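Keep the viewer open as you read.

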Amino acid sequence: MNICLYFRYTIICMAAQIADGMAFLEYNKFIHRDLAARNCMVANDMTVKIGDFGMSRQIYAGDYYRKGNKGEMPIRWMAPESLSEGIFTSQSDVWSYGIVIWEIMTLGAQPYPEKSNNEVTAHVLDGNLLNMPKSCPVVLADIVRMCWNWTASQRPRFLKIVETLDVYLGNDFRLIY
């Protein structure tokens with residue numbers, strides 16, 4: 001396998017592993033609220049695990065969590081409804097997942113590097129998005145666009161993301177993850 005194909009496969013596999021981990025959280029009624037590349041650990045065998053559950057919440061009766069106080073928040077990874085109303089759901093985690101894929105494709109660049117947190121909030125709430133890197137595989141760029149749908153209910157579920165990426169992965173993914 002040439003290096004470009006190996007890189008593409010590895011990136012898609014990492015994206016699938018993160019989506020799979022988030023699907024597990026979603027199934028168990030947890031929202032992460034701080035999904036970012038900095039919270040995804042990569043082992044020597046390239047296995048990706050999601051960490052830092054300090055902001056996670058279990059959602060019981062409803063399917064959302066509304067933040068009450070003004071604590072520190074990961075503004076650059078937050079969905080519009082989280083920025084404007086303090087509402088967090090699995091679908092706001094999906095928005096953050098789109099940012100994580102963007103981070104992976106930019107080799108760890110900070111989202112909106114030229115903007116302050118207040119400017120990021122205004123930028124996103126005005127309907128603006130990050131530009132996808134040219135090197136991004138089409139399947140990932142398409143998923144990111146779906147993740148960044150303004151309407152939360154129109155964003156894909158994590159299990160659907162895993163199913164979309166599954167066709168690009170080998171049997172080893174299905175057996176291990």
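Start with the contacts: among those in the chain with a separation of 6 or more, 65% come from residues 24 or more positions apart. Keep in mind that you're looking at a predicted model. The chain has 177 residues, and 49% of them count as buried. In terms of secondary structure, there are seven helices and six strands. Reading from the N terminus, the order is α-β-β-β-β-β-α-β-α-α-α-α-α.

Helix α1 covers residues 3-27, and its 25 residues reach 36 Å from the first C-alpha to the last, close to the 36 Å expected at 1.5 Å a residue. Just after α1 comes Lys-29, with a positive phi of about 65°. What makes that worth a look is a bit of backbone background: most residues other than glycine have a negative phi. Lys-29 isn't a glycine, yet its phi is positive. You'll find Lys-29 in the loop between α1 and β1 (30-31), and at 37% relative accessibility it counts as partly exposed.

Met-46 sits in the loop between β2 (40-42) and β3 (48-50). With 33% relative accessibility, Met-46 counts as partly exposed.

Now for some charges and rings. The charged end of Arg-38 is over the ring of Trp-77, 4.4 Å from its centre. Arg-33, for its part, lies over the face of Phe-88, at 5.0 Å from the ring centre.

What about rings meeting rings? Counting ring centres within 6.5 Å as a pair, the model has two aromatic pairs. One of them joins Trp-95 and Trp-148: the ring centres are 6.3 Å apart and the planes are at 40°, so this pair is tilted. Trp-95 belongs to helix α3 (residues 90-105), while Trp-148 is in the loop between α5 (138-147) and α6, so the pair ties together parts that are 53 residues apart in sequence. Both Trp-95 and Trp-148 are buried.

The other pair is Tyr-97 with Phe-158, whose ring centres are 5.7 Å apart with planes at 90°, so here the arrangement is edge-to-face. Tyr-97 is in helix α3 and Phe-158 in helix α6, so this contact ties together parts 61 residues apart in sequence. Tyr-97 has 1% relative accessibility and counts as buried; Phe-158, also at 1%, is buried as well.

Which residues of α6 (residues 158-166) are buried? They are Phe-158, Ile-161, Val-162 and Leu-165. These residues cover an arc of only 100° around the axis, which puts them on the same side of α6.

One last stop: the cysteines. Cys-136 is buried, with a relative accessible area of 9%, and Cys-147 is buried with a value of 0%. How many disulfides does the model have? The count, which asks for cysteine sulfur atoms within 2.5 Å, comes to zero.

Key
Residues numbered from 1 in each chain as written. Predicted model: local features only at pLDDT ≥ 70, side-chain atom pairs only at ≥ 80, totals over all residues. Heavy atoms only, no water. Buried < 20%, exposed > 50% of the residue type's maximum accessible area, 1.4 Å probe, protein only. Helix = DSSP H or I, 4+ residues; strand = E, 2+ residues; numbered from the N terminus. Arc of directions from axis to C-beta. Expected span 1.5 Å × (residues − 1). Phe/Tyr/Trp six-rings, centres within 6.5 Å; stacked < 30°, edge-to-face > 60°. Lys NZ or Arg CZ within 6 Å of the ring centre and 35° of its normal. Contact = heavy atoms within 4.5 Å.
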